[in-house]
Amino acid sequence: SDSGPEFPGSTTMTNLKLQKRLASSVLKCGERKVWMDPSEVANVSSANSRATIRALVDAGVIVKKAPVVHSRSAVRRRLAAKRLGRHSGAGKRKGTREARMPSKILWIRRQRVLRRLLAKYRDAGKIDSHLHHELYLQAKGNEFKNKRVLIEHIRTQKDEREREARLAEQATIRREHARSVREKRLNRIAEKRRQIARGEFTA
């Protein structure tokens, strides 16, 4: 004969397949999640409808088991260690360097970082559109290996351009001064010649 499940501290009891199925339907879970009180086997075996099963659930005789916990604490510890560079030796690598991190992806990331910085500086007025275009093409030509190098280059370029502007301004001022001195000298000479022509000049 087909014997039912055995409960701790009890002899072989009635087959409770029907009650398990009804309880799983009422509790909306699988049959493996249904727990029945071993001391209330008689009441459980006499329950043959969803209504009676629901009453036993309310009474706490039939209970839905808690979900099995699958802890991620070990995974979190391992990921924290990997962020520090652990577990990344030669024995952990499956693909080539290019397969693990393609150089094209690194290039795209670097270009986006540099272009984003150039656009931000241009919009903020730190560089003009001409310098922006010049630096954009230099970045495309692999001139700058990272953002720090680009920022340093921008600083030196701006200093150089400011120095050139100062020198150009000083040269303009010198030319204006020399021209005014020359004009005054020519005016004096012309005045002397006019006085000599009129006989008014005295040494």
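Which backbone oxygen does the side chain of Q19 reach? That of S45, at 3.1 Å. That is a polar contact, meaning a pair of N or O atoms within 3.5 Å; within protein, one must be able to donate a hydrogen and the other to accept it, and residues adjacent in sequence count only if both atoms are side-chain atoms.

Ground rules, quickly. This is a predicted model: local features need pLDDT of at least 70, side-chain atom pairs count only at pLDDT 80 or more, and totals for chains, interfaces and linings use all residues. Residues are numbered from 1 along each chain as its sequence is written, and side-chain values use heavy atoms, with hydrogens and water left out.

Back to Q19. Q19 is in helix α1. Helices (H or I, at least four residues) and strands (E, at least two) are DSSP runs, numbered from the N terminus. Q19 counts as buried, because its relative accessibility is 4%. Buried means under 20% relative accessible area, exposed over 50%, and partly exposed in between, with a 1.4 Å probe and protein chains only. Neighbours within four places in sequence aside, Q19 is in contact (heavy atoms within 4.5 Å) with M36, V44, S45, A47 and I53.

Now the rest of α1. L22, A23, S24, V26 and L27 are among its buried residues, along with Q19. The buried residues of α1 pack against β1, α2 (41–46), α3 and β2 (62–64). Just after the helix, K28 takes a positive phi of about 55°.

α1 covers residues 17–27 and α3 covers residues 50–59; their axes are 9 Å apart and the packing angle is about 70°. Axes are lines fitted to C-alpha atoms, for helices over the stretch in contact, and angles run from 0 to 180 degrees between N-to-C directions. So α1 and α3 are roughly perpendicular. From α1, the contact uses Q19, L22, A23, S25, V26 and L27; from α3, R50, I53, R54 and V57. By class that is six nonpolar, two polar and two charged residues. Here Ala, Val, Leu, Ile, Met, Phe, Trp, Tyr, Cys and Pro count as nonpolar, Asp, Glu, Lys and Arg as charged, and the others, Gly among them, as polar.

I53 leads us to the core. The largest nonpolar core has 14 residues, and I53 is one of those with the most contacts inside it, with V34, M36, V44, L56 and I62. Such a core is a set of buried Ala, Val, Leu, Ile, Met, Phe, Trp, Tyr and Cys residues joined through side-chain atoms within 4.5 Å. α1, β1 (34–36) and α3 each supply at least two residues. The largest share, four residues, comes from α1. A second, separate core has eleven residues, including L118, Y121, A139 and I154.

The axes of α6 (residues 103–123) and α7 come within 10 Å and cross at roughly 170°. So α6 and α7 are roughly antiparallel. Among the contact residues are W107 and L118 of α6 and L135 and A139 of α7. The classes: seven nonpolar, two polar and three charged.

Also in α7 (residues 129–140) is L131. L131 is buried, at 3%. Beyond four places in sequence, L131 is in contact with Q157, K158 and R161.

Questions, please.

Terms used. Angles under 35 degrees count as roughly parallel, over 145 as roughly antiparallel, 65 to 115 as roughly perpendicular and the rest as oblique.
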